[in-house]
Amino acid sequence: MSDERYITETLFDELGFRMSFAAERIVFQGKGDLQSLVLFENKRFGRMLMLDGATQVTTADEFIYSEMMSHVPILAHGSCEDVLIVGGGDCLIAEEVLKHEGVRHCVQVEIDKAVLDFSKEYFLEWNRPFFEDKRVESVIADGMHYVADRRNHGRFDVIIVDSTDPQGPGAVLFSREFYEGAKSCLKGGGIMVTQNGVPFFQPEELSSTIGIWRELFSDPYAYIAAIPTYVGGHMTMGFATDDKALRAIPLSTLEERFRSAKLSTRYYTPEVHKAAFALPRFILDLVEKARGKS
Ligand code: SAM
């Protein structure tokens, strides 16, 4: 191996698996208020952010995750006006949400101000709308406290939990208490989507979430996307609603909504949206078992 500096992802240490990225340049390395941050540049993945040893975002493939975490729930909903993002410190999901003219208000609740300041300084080329759009309300707080606050109940059509993995400050965002609070923040007919890991490596992350949701929502489900830096095959996004039809919107309807939203995308298409809910057997088994339907 050449003497370039390699930055290693340690998220899967307990599985005996690490992934290293050659750092052409280390832009920042240090401890934020709550997490250790590393920002560096890699030949293939561009600018990469790691928090506590876990890859968060790369400028080369973030479009896949950001588009699928935003356009799927918003276009499935059909008349989304108020969006809550929990986490999302790189502000790249917010950038996609703000492409929807029908969205009146986008609240982002990020716990670590260092990540936000960081993202403004180093990702502005990609997330500028977050810092300039009047529809944005940026809150520095623990998402758990925000959803527990009754003043936020019944306010949102779509909730996007763009969290870190269930470690450190992110752990609470996978708890029953958080999901109960988030459910209270949804309006009737609302949709919550969550970053729920790669089932090939983290099956319990998905089954635990679905298992909690089955007592809170009538239709706890998931969808998938293939994201290069979230290694291990498909990444799953949790999809929680009280209406099963919301995960089976007819293709013609999605096409109509996509057309009128005038979105420019690089991964999302209405066909990909539909296909994302066709879960591979081992993931479907995980979901059905957690739903109590095995
Ligand atoms: N796309 C990334 C992924 O899939 O792992 C996540 C991106 S974003 C950087 C994750 C954000 O969640 C971080 O900025 C982190 O500070 C924030 N976060 C972690 N725990 C949180 C909490 N309890 N409340 C609000 N934000 C939290």
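Beyond residues up to four places away in sequence, F28 touches L37, V38, L39, F118 and Y122, where contact means heavy atoms within 4.5 Å. The model is predicted: local features need pLDDT of at least 70 and side-chain atom pairs count only at pLDDT 80 or more, whereas totals for chains, interfaces and linings use all residues. Residues are numbered from 1 along each chain as its sequence is written, and side-chain values use heavy atoms, with hydrogens and water left out.

- F28 belongs to strand β3 (residues 25-31); helices (H or I, at least four residues) and strands (E, at least two) are DSSP runs, numbered from the N terminus.
- The relative accessible area of F28 is 30%, so this residue is partly exposed; buried means under 20% relative accessible area, exposed over 50%, and partly exposed in between (1.4 Å probe, protein chains only).
- Although F28 and V38 are ten residues apart in sequence, their C-alpha atoms are 5.7 Å apart in space.
- In helix α3 (residues 113-122), the buried residues are A114, V115, L116, F118, S119 and Y122.
- The elements covering these buried residues of α3 include β3, β4 (36-42), β5 (46-51), β8, α4 (124-132) and β9.

**The seven-stranded sheet**

- An open sheet of seven strands has the order β9-β8-β7-β10-β11-β13-β12, with mixed pairing; two strands pair if DSSP finds at least two bridges between them.
- At the edges are β9 (136-140) and β12 (219-225), each of which pairs on one side only.
- On average, neighbouring strands of this sheet are turned by 15 degrees against each other, direction ignored.
- Strand β8 (residues 105-110) runs parallel to β9 and is joined to it by five bridges; V107 has E137 in β9 as its bridge partner.
- β10 and β11 also run parallel, joined by five bridges, and F156 stands opposite L186 in β11.
- Seven of the ten residues of β11 are buried, which leaves the strand mostly covered.
- Helix α1 (residues 62-77) lies across β7 (82-87), β10 (156-162), β11 (186-195), β12 and β13 (235-241), at about 160 degrees to β11; axes are lines fitted to C-alpha atoms, for helices over the stretch in contact, and angles run from 0 to 180 degrees between N-to-C directions.

**Nonpolar cores**

- The largest nonpolar core has 92 residues, of which M192 and Y223 touch the most other members; such a core is a set of buried Ala, Val, Leu, Ile, Met, Phe, Trp, Tyr and Cys residues joined through side-chain atoms within 4.5 Å.
- Helix α1 supplies the largest share of this core, nine residues.
- Leaving aside neighbours within four places in sequence, the contacts of M192 include I159, V161, Y179, W213, F217 and F239.
- Another core, of eleven residues, lies apart from the largest one and has L51, V115, F118 and F123 among its members.

**Domains and their interface**

- The chain is divided into domain 1 (6-58) and domain 2 (62-290), with bounds from an automatic or database domain assignment.
- The centres of the two domains, taken over C-alpha atoms, are separated by 23 Å.
- In domain 1, 26 residues are in contact with 22 residues of domain 2.
- About 2,200 Å² is buried between the domains, with 70% given by carbon and sulfur atoms; buried area is the accessible area (1.4 Å probe) that two parts lose on being put together, summed over both.
- L34, R47 and V57 are the residues of domain 1 that lose the most area to domain 2, together 20% of what that side buries.
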